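Here is a walk through one model. Keep the sequence and the 3D view open side by side.

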Amino acid sequence: MKILVINGPNLNMLGIREPGIYGKNTFADLLKLLEETAQAEGIGIEQFQSNHEGAIVDKIQWAYGKVDGIVINPAAYTHTSVAILDALKAVSIPAVEVHISDVDSRESFRQVSYAGLACYKTIKGHGLEGYREAIRYLVELLGHRIS
């Protein structure tokens with residue numbers, strides 16, 4: 001089983017960007033957590049981060065036939081990108097949306113998630129641990145789908 005983890009704009013700035021909202025853990029800390037989780041679950045993982053909407057769409061399309069699940073934190077594109085929504089719908093790969101902060105308790109424009117419309121589940125406000133939850137959810141979901 002292979003899971004693709006996609007991170008959108010500014011997530012490469014974790015630890016620097018608004019630590020009161022996103023915490024003090026760095027992007028390197030997130031990559032380490034992803035690798036440790038993949039190893040513990042016995043799965044393959046690929047990580048992708050881009051600040052560019054089209055690159056994220058391209059990566060989702062690339063994933064067709066290559067990965068079993070997607071964990072995606074579209075970041076700011078969550079609230080604006082129909083293109084990412086359409087790409088997720090096009091490939092029909094089970095996906096889980098993750099947000100480090102609790103977007104529901106933030107600005108009103110953050111209440112809308114286009115990408116979430118194509119996801120099985122959304123995990124919000126659990127910090128970096130939300131990624132581990134998302135991976136475990138997909139492992140369980142896909143395990144049940146295979147059996």
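Rings of Phe, Tyr and Trp (its six-membered ring) pair if their centres lie within 6.5 Å; planes under 30 degrees apart count as stacked, over 60 as edge-to-face and the rest as tilted. By that rule, this structure has zero aromatic pairs. The model is predicted: local features need pLDDT of at least 70, side-chain atom pairs count only at pLDDT 80 or more, and totals for chains, interfaces and linings use all residues. Residues are numbered from 1 along each chain as its sequence is written, and side-chain values use heavy atoms, with hydrogens and water left out.

Now the sheet. Helices (H or I, at least four residues) and strands (E, at least two) are DSSP runs, numbered from the N terminus. Five strands form an open, parallel sheet in the order 2-1-3-4-5. Strands pair if DSSP finds at least two bridges between them. Strand 2 (44-49) and strand 5 (121-124) are the edges, each pairing on one side only. Strand 1 (residues 2-7) and strand 3 (residues 69-73) run parallel over five bridges. Asn 7 has Asn 73 as its bridge partner in strand 3.

Next, the helix pair. The axes of helix 3 (residues 53-63) and helix 4 (residues 82-91) come within 9 Å and cross at roughly 5 degrees. Axes are lines fitted to C-alpha atoms, for helices over the stretch in contact, and angles run from 0 to 180 degrees between N-to-C directions. Helix 3 and helix 4 are therefore roughly parallel (angles under 35 degrees; over 145 is roughly antiparallel, 65 to 115 roughly perpendicular, the rest oblique).

Lys 59 lies over the face of Trp 62, 3.9 Å from the ring centre (NZ of Lys or CZ of Arg within 6 Å of the centre and within 35 degrees of the ring normal).
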